[in-house]
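Colleague: Could you walk me through reading a pocket and a sheet in a model like this one?

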Amino acid sequence: MKLRLFADYHQLVLTDEASESSLESAWTEQTLADRIAVAGSTCGIRTEVNVDVDVEVYFAAEPPELDVSSFDHVVEAGLDIPSGRLVVMGCTDYGPDAARLDVPAGPLRIRVQKYNLARAVEADIDSDESEDTMERIRIDVWPAAYVPPQVFKRWGA
């Protein structure tokens, strides 16, 4: 699934379709640095820019190979999706209109891989005006037991 989402307040949201979880208290200095926060069945992804970003979401039955060399920042976390419907949206998007991905109900692993970050940060509010400066995010999803967030590669800006 390919999306262009408005990363209002520098964040995207992955959530269970029936979730009532809030990320309000999940954002801490550590989760901001890790660029991921999880609360209940909702996950927030911190973006570098506060404009549109390109997002690709892929579901697989098995964990994809971990490739940190192609990305600026790579982090994984566990997320429970009891309804089997994963919602992918900007944090201020209207939920009923947001993109949905059918997944197996239960615990999933989310791997967030971000790239083109330096160019996006340099262009700032104009980063979404060119394909060359867009912040890009690849999200891999697969069934797996819950794990706390783990950073495999940290972007230092």
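Colleague: Let's start with the largest pocket: how do the residues of its lining divide into nonpolar, polar and charged?

Modeller: The lining of the largest pocket has six nonpolar, seven polar and four charged residues. Ala, Val, Leu, Ile, Met, Phe, Trp, Tyr, Cys and Pro count as nonpolar, Asp, Glu, Lys and Arg as charged, and the others, Gly among them, as polar. This is a predicted model, where local features need pLDDT of at least 70 and side-chain atom pairs pLDDT 80 or more, while totals for chains, interfaces and linings use all residues. Residues are numbered from 1 along each chain as its sequence is written, and side-chain values use heavy atoms, without hydrogens and water.

Colleague: How much space lies in the largest pocket?

Modeller: Rolling a probe the size of a water molecule over the atoms shows where empty space is left. Here a pocket is an open set of points on a 1 Å grid over the protein atoms alone, where a 1.4 Å probe fits, with protein on both sides within 12 Å along at least five of seven lines; lining residues have an atom within 4 Å of a point. The largest pocket holds about 180 Å³, the space filled by probe spheres set on the points, which are joined across faces, edges and corners. Of its 17 lining residues, V13, T15, S21, T42 and M89 are the closest to the centre.

Colleague: Which element gives the largest share of that lining?

Modeller: That is β2, with four residues; strands are DSSP runs (E, at least two residues), numbered from the N terminus.

Colleague: And in what order do the six strands of the open sheet come?

Modeller: The order is β1-β5-β10-β9-β6-β11, with mixed pairing; two strands pair if DSSP finds at least two bridges between them. β1 (2-6) and β11 (150-153) are the edge strands, each pairing on one side only. β11 pairs with β6 (residues 73-81) in the antiparallel sense over three bridges, and V74 stands opposite K153 in β11.
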